[in-house]
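This briefing covers a pocket and some aromatic contacts. Please look over the sequence and the model before reading on.

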Amino acid sequence: MITGVGHVLARDGWPHSFPGQRVALGRDRPLALDCGVQLNDFSVAYQTYGRLNDDRSNAILICHALTGDQFAAEPHPLTGREGWWHLMVGPGRTIDTSRFYVISVNVLGGCMGSTGPSEINPATGETWGLTFPIITIADMVRAQAMLLDHLGIEQLFAVIGGSMGGMQALEWASLYPERVFAAVPIATAAYHTAQNIAFHEVGRQAIMADPDWCGGEYWRHGKQPHRGLAVARMAAHITYLSEPKLTEKFGRRLQDREMYSFRFGADFQVESYLLHQGSTFVDRFDANSYLYITRAMDYFDMAERHGGALANAFRDTPVRFCVVSFTSDWLYPTEQSRRIVHALNAVAANVSFAEIVSNSGHDAFLLDEPEFRRVLSGFLAGAAQHRGLRVPAPAVEA
Amino acid sequence: MATGRPLIRADLQLIADIVEPGSRVLDVGCGDGSLLYYLATVKEVDARGIEISSDGVNAGVSAGLSVIQGNAETDLFDYPDNTFDYVILSRTLQAMHAPKTILEQLLRIGRRAIVSFPNFGHWRLRWSLLLTGRMPKNALLADEWFTSPNIHLCSIRDFVTLCAEKGIVIERGLFVDEKGTPRPLGRSLLLANNLGEQAVFLLRSHCVNGKK
């Protein structure tokens, strides 16, 4: 049932090889952004896995992190690498696509088909660039809600996301409590701390300091601020790991040499690893998107919009929550998850909270963490039972 | 009816029998969630738990229960008044830093509290201390004094005295003897305090339905 708010877009200007769908939204009913701008013609790219059941009750929305995209469970069309959550999403996996209908959406401001600074502004026929309005996490969520209207899905069974995806999950529960049966914010926070903002600012400055950024109009000059974007990625990547993990992976080991070179090349393995991370990232991500999305995260502060009390964002919430953190995550440490849990307790919400022991840092939510999978799969099974979803017992995992 | 009923520890069964079906319950220190699971499946209770150990929490959440990893001594303060019909504290009071505060919190956030604890007044413990002059142990208090988590042990008489001081109403009191037989407290506590290995209390504040 197409409700008329969306228009399935032709693939003009979008790589034909990309799997998934793209719809135009906002033509009938513009999206009122937090910054005051009305976005009245924008596109949202998404991918789905599994099948929607007859009463449309088994949809799970997957929200991606800062540099993620809609290709959660399949090889990435640009890099060919496994989807960012292929360990979690798929038939028989924790988020079992033989039981659930999984919708994975590229965020507003992104660069994989949803409207963002690298897309064409339909009003001018020119690339948006820095004329693209500043967006927020709530704006991303409102755009996703419009997509669900288009898809004819009244209520999500669950919204699940890690990191920035977790912020979206929280925002979903707060903005549309009746449209979310369960919310799973993972390795996330209800606001960006000064330290979070500081790291992002390093990344943004690195991009803007690259002469190839050309004041944000690099596409006019056929350039890409690859060096700046790579440095931004390198700095950010450190925050996704942990000191023990880095020590375990690299220690002080040297890269392809026995002795220091007494030069500034990549002597250490960790340097070479970071350079690799930076250089592969620029092939799939747009620099201006990086500016916009990090900005959206920095502006994120749920309590601020609710009289300074986070609990007010969830008053009388019917949503069942499962909050998950990881012991070695210092980007969004357990303390941040605990703040969310305390706020949810203050409104007597139905909440589970597990801190998973892992030394993989923030990235743990993307990795093979059996305990995390067990917790999430148990929560989903319990929630499905309460929702009355006919979901058989979760598959036994090795 | 009896088929498929999960089996739980005898003292937990006593607690479960007190809980009205369909009520909202918080189990403080819920361990692996076995009582919660019983209450949710057999009594259709809106069952929630707090547990300090990750293993316990993960087991509970993996079983589809709503369990929070947290510390009762700090986290109970978050809940609004009268959030739950029952707040359960089983064999945990004696391990709390501030048992009196915990009791107050239980009765603030719950209309009723169900508290169970090992009775330090049991005759064998008294006898053992008298005879050996060493810290007494039994099946419920098996740890050495230097490893025991139990820092605030009390007898049934101690507990009843505290309730009287705090104006806490004891709606029901049971003691469980060595054979595991539950018996009502009785007017004189002499029997209960000597023969009870552990005790289970159903409590409410002197003010009914949260009216102070």
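Is Y176(A) buried, partly exposed or exposed? At 21% relative accessibility, Y176(A) counts as partly exposed, where buried means under 20% relative accessible area, exposed over 50% and partly exposed in between, with a 1.4 Å probe and protein chains only. The model is predicted: local features need pLDDT of at least 70, side-chain atom pairs count only at pLDDT 80 or more, and totals for chains, interfaces and linings use all residues. Residues are numbered from 1 along each chain as its sequence is written, chains are lettered from A and ligands numbered from 1 in the order in which they are written, and side-chain values use heavy atoms, without hydrogens and water.

**Aromatic pairs**

- Rings of Phe, Tyr and Trp (its six-membered ring) pair if their centres lie within 6.5 Å; planes under 30 degrees apart are stacked, over 60 edge-to-face and the rest tilted.
- Over all chains, the count by this rule is 23 aromatic pairs.
- The W172(A) and Y176(A) rings are a tilted pair, because their centres are 5.1 Å apart and their planes stand at 50 degrees.
- W172(A) is buried, at a relative accessible area of 0%.
- In chain B, F159(B) and F201(B) also form a tilted pair, with 4.8 Å from centre to centre and 45 degrees between the planes.
- F159(B) belongs to helix α7 (residues 156–166) of chain B and F201(B) to strand β8 (residues 198–205) of chain B, so this pair ties together parts that are 42 residues apart in sequence.
- Helices (H or I, at least four residues) and strands (E, at least two) are DSSP runs, numbered from the N terminus.
- F159(B) is buried at 1% relative accessible area, and F201(B) is buried at 0%.
- W84(A), W85(A) and F365(A) are linked into a cluster by ring pairs.

**Charge over a ring**

- The charged end of R233(A) sits over the ring of F281(A), 4.6 Å from its centre; the rule asks for NZ of Lys or CZ of Arg within 6 Å of the ring centre and within 35 degrees of the ring normal.

**The largest pocket**

- A pocket is an open set of points on a 1 Å grid over the protein atoms alone, with protein on both sides within 12 Å along at least five of seven lines; lining residues have an atom within 4 Å of a point.
- The largest pocket is lined by 46 residues, and R233(A) is among those nearest its centre.
- Helix α4(A) gives the most to this lining, with seven residues.

Terms used
1 Å grid on protein atoms, 1.4 Å probe; cavity = no way out; pocket = protein on both sides within 12 Å on 5 of 7 lines; lining within 4 Å.
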